[in-house]
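I opened my notebook to look up a few side-chain contacts. Here is the entry I was working from.

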Amino acid sequence: VRFAREQRALRARAGQHWFAPGAGTAAALQREGIDLVHFPARAAGAEALLDDPLLRELAGARVGLLTAPGGRDALLDGLRSRGAQLCVACVYERKAQRPPAARLRALADLPARSALLLSSGEALAALWQSLDEPGRAALRGRSCVASSQRLAKQARELGFKAPVLAQDARPEHLLAALAAHAARIR
C-alpha cells in the first residue's frame, strides 16, 4: 500500500470493489481513505481471497492488481481462470536476501525440538539456497508448519515429510497449528 501510494494517490471510484489478501493490508488501505475493503475473515492470502463470493464470476470484469514482479501468482492465475481482464501494476520489487552468517549459525544451534514456520515461498527458497546439505537435513528433521497448501507442497518437495497446515500466515495461527501438532505427537 505504501509503495502504491508513493506513486499515486489511492482513491476509490464509484462501483469499484477493493480487496486485500489480509486484515493488515485492508487496514493500510483504510488508512489511505479506501473505506470499504473486502478481505478474508477466517484466513489470509491469495487462496483465501479467491474464496470471496465477489471474485467467483469475473467474465469480462476489469481487475487491477497492485503487486511485485513474481508475486501473487496464485491470485493472478485464479483471477485469469475466472475470466478477469487484468491490469497488473508492479509497485515494488521483491528481493530475496541471503540470511547473514550469524543467523545461519543461530539456526544451526536451535534445539532439535524447534519448528520451522513457513509464510513465504520466496523466503523458504532463499533460506534453502543458503544452507548446505547438513543444514537442510537438520531442518527436514524438524516439524514444519505451512501457512497454505502451496507452501506445504513446496516443503514436501524439499523433503519435509508431513508439513502441518495452518489456517493462514498470521503468527497466532501458525503457532496454534504448531501447538495442536505438538499435542498430538506427545
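Is F3 buried, partly exposed or exposed? I looked it up: F3 has a relative accessible area of 34%, so F3 is partly exposed. I noted that the model is predicted.

**Aromatic pairs**

I searched the whole structure and found two aromatic pairs. In one of them, the ring centres of F3 and Y92 are 5.7 Å apart and the planes stand at 20 degrees, so I wrote "stacked". Next I checked where the partners lie. F3 belongs to helix 1, and Y92 to the loop between strand 4 and helix 5, so the pair ties together parts 89 residues apart in sequence. Y92 has 30% relative accessibility and counts as partly exposed.

I then turned to W128 and F160. Their pair is tilted, with 5.7 Å from centre to centre and 50 degrees between the planes. W128 sits in helix 6 and F160 in the loop between helix 8 and strand 7, so this pair ties together parts 32 residues apart in sequence. Both accessibilities went into my notes. W128 is buried at 7%, and F160 is buried at 3%.

I came back to F3 for one more contact. The charged end of R2 sits over the F3 ring, 4.5 Å from the ring centre.

**Salt bridges**

Side chains of opposite charge can pair when their charged atoms come close. My search of the whole structure gave five salt bridges. I wrote up some of them.

R5 pairs with E32, with the closest N and O atoms 3.0 Å apart. R5 is in helix 1 and E32 is in the loop between helix 2 and strand 2, so the bridge ties together parts 27 residues apart in sequence. R5 is partly exposed at 35%, and E32 is partly exposed at 28%.

E133 and R140 form a salt bridge with a closest N and O distance of 2.8 Å. E133 is partly exposed at 42%. R140 is partly exposed at 26%.

R170 and D168 also meet in a salt bridge, at 2.8 Å from N to O. R170 is partly exposed at 23%, whereas D168 is buried at 0%.

**Strand 3**

Which side chains of strand 3 point to the buried face? I found V63, L65 and T67 there, all buried. Strand 3 runs parallel to strand 4, with six bridges between them. R62 has Q85 as its bridge partner in strand 4.

Conventions:
Residues numbered from 1 in each chain as written. Predicted model: local features only at pLDDT ≥ 70, side-chain atom pairs only at ≥ 80, totals over all residues. Heavy atoms only, no water. Buried < 20%, exposed > 50% of the residue type's maximum accessible area, 1.4 Å probe, protein only. Helix = DSSP H or I, 4+ residues; strand = E, 2+ residues; numbered from the N terminus. Pairing = 2+ DSSP bridges. Phe/Tyr/Trp six-rings, centres within 6.5 Å; stacked < 30°, edge-to-face > 60°. Lys NZ or Arg CZ within 6 Å of the ring centre and 35° of its normal. Salt bridge = Lys/Arg side-chain N within 4 Å of Asp/Glu carboxyl O.
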